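Here are my notes on this model, for reading beside the coordinates. Please check each point against the view on your screen.

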Amino acid sequence: MAGYGGKKHVMKDERQWLLPGLAGKTAVVTGGANGIGKQICRTLGRMGMNVGIIDIDEDKGQKTLDEFETASLSAAFCRGDVTNEKSMERCFERIHSHFGGLDVLVNNAGTSRNIPFEELDLTDWNAVLSVNLKGAFICSKTAVPYMMKQKKGSIIMISSGSALTGSGGSACYAASKGGLNSLVRALSRELAPKGIRVNGVAPRSIEGDLLNKVYTAEQLKRMQKKIPLGRMGTYEDVANVVSFLASELSAFLTGETILLDGGRTFGA
Ligand SMILES: NC(=O)c1ccc[n+]([C@@H]2O[C@H](COP(=O)([O-])OP(=O)(O)OC[C@H]3O[C@@H](n4cnc5c(N)ncnc54)[C@H](O)[C@@H]3O)[C@@H](O)[C@H]2O)c1
């Protein structure tokens, strides 16, 4: 595990808010080296959690770890592929033994292909379903035995608004996220008696690299006008909802996927 031996439980300047049940606990965030996942790691770290970052991208993972250590956040990085069971067993085992627990899993690693349906082939379909849905299955399956020992845990799936709306040219992505929403419901029923809650966040219209690649500045302006709250969402917005779902504030919430879209989908 790269960057191992980092500081534990040390918080200085970056600690901002505290939610009940998070400080000193351990979260694993897949795809935590970039974008939304990185912000989730940062926010949970600021709330006093130990954060195990899993990502397939070694360079970004190491860079993220260095940044967090400079900010005195408690983190460790494990390079791993969420589609590979053995790789995940190794990462979870290392993170668990390093921090001495596993309380929260955020299944965030995701990928997409923007391909019209007529051109979508099985290779692309499998590539997207494999990371987005199979990956969440493998990581949940790996995390649950650790959580069961503690009789407590929170699993959070990062879905997408496109599970409800489709995404106009990425059927495999929308289908994978719809699958995640169903997995939230199914797992929540099975795991509730073991003290494990399972919820999701479905972001839509989040500003950042992903939308910048697909839309022009003009199109993004038009999109913003359709959002009743009058602005695009941010990575921080997603990370804040994840923190709520990880914390004791959501202790009676399970089986729910929260649509995070500024009111756009069911707005005007
Ligand atoms: N950005 C958005 O607007 C948006 C909207 C809705 C939902 N989402 C979802 O949020 C999540 C994060 O999106 P993002 O925009 O930050 O993406 P991103 O591409 O910036 O980051 C994804 C991370 O996952 C990692 N990853 C990819 N495949 C992996 C694998 N097989 N094993 C381990 N790590 C892997 C990547 O290396 C990367 O660090 C995804 O699940 C995405 O579908 C994003």
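1. Start with glycine 45. Glycine 45 is buried, with 23 other C-beta atoms within 10 Å. Here a residue is buried if 20 or more other C-beta atoms lie within 10 Å of its own, exposed if 12 or fewer, and partly exposed in between; C-beta atoms are placed from the backbone. Glycine 45 belongs to helix H1. Helices (H or I, at least four residues) and strands (E, at least two) are DSSP runs, numbered from the N terminus. Leaving aside neighbours within four places in sequence, glycine 45 is in contact with Val51, Phe68, Leu73, Ser74 and Ala75. Contact means that the C-beta atoms of two residues, placed from the backbone, lie within 7 Å. Arginine 113 is 68 residues from glycine 45 along the chain, and their C-alpha atoms are separated by 31 Å.

2. A word on the source. This is a predicted model: local features need pLDDT of at least 70, side-chain atom pairs count only at pLDDT 80 or more, and totals for chains, interfaces and linings use all residues. Residues are numbered from 1 along each chain as its sequence is written.

3. Back to H1 as a whole. How many of the 12 residues of H1 are buried? The count is 11, so H1 is largely enclosed by the rest of the structure. Those buried residues are Ile36, Gly37, Lys38, Gln39, Ile40, Cys41, Arg42, Thr43, Leu44, Gly45 and Arg46. The length of H1 agrees with expectation: at 1.5 Å a residue it should span 16 Å, and its end C-alpha atoms are 17 Å apart. The expected span is 1.5 Å times one less than the number of residues. Glycine 48 follows H1 and has a positive phi, near 90°.

4. Now the ligand. Which of the 28 residues around the ligand come nearest? They are Gly31, Asn34, Gly35, Ile36 and Gly110. The elements giving two or more residues to this shell are H1 (35-46), H4 (122-150) and H7 (209-214). A residue is near a molecule or strand if its C-beta atom, placed from the backbone, lies within 6 Å of it. The shell divides into 11 nonpolar, 12 polar and five charged residues. Ala, Val, Leu, Ile, Met, Phe, Trp, Tyr, Cys and Pro count as nonpolar, Asp, Glu, Lys and Arg as charged, and the others, Gly among them, as polar.

5. Look next at H3 (residues 85-99) and H4. Their axes come within 10 Å and cross at roughly 35°. Axes are lines fitted to C-alpha atoms, for helices over the stretch in contact, and angles run from 0 to 180 degrees between N-to-C directions. H3 supplies Glu85, Met88, Glu89, Phe92 and His96 to the contact; H4 supplies Ile138, Cys139, Thr142, Ala143 and Tyr146. By class, the residues of this contact are six nonpolar, two polar and two charged.

6. H6 (residues 171-191) also passes the length check. At 1.5 Å a residue, its 21 residues should span 30 Å, and the end C-alpha atoms are 30 Å apart. Its buried residues include Cys172, Tyr173, Leu180, Leu187 and Leu191. The buried residues of H6 pack against H4, strand S5 (153-158), helix H5 (162-165), strand S6 (196-203) and strand S7 (257-260).

7. Serine 162 sits in H5. Is serine 162 buried or exposed? It counts as buried, because 21 C-beta neighbours lie inside 10 Å. Apart from neighbours within four places in sequence, serine 162 is in contact with Ser167, Tyr173, Ala174 and Lys177.

8. Check two backbone angles. Serine 72 is not a glycine, yet has a positive phi of about 60°. Serine 72 lies in the loop between H2 (58-70) and S3 (75-79). With 14 C-beta neighbours inside 10 Å, serine 72 counts as partly exposed. Lysine 151 is not a glycine either, and its phi is positive, about 55°. Lysine 151 lies in the loop between H4 and S5. With 9 C-beta neighbours inside 10 Å, lysine 151 counts as exposed.

9. Last, proline 116. Proline 116 is in the loop between S4 (104-107) and H4. Proline 116 is exposed, with 10 other C-beta atoms within 10 Å. Proline 116 and glycine 168 are 52 residues apart in sequence, with their C-alpha atoms 7.8 Å apart in space.
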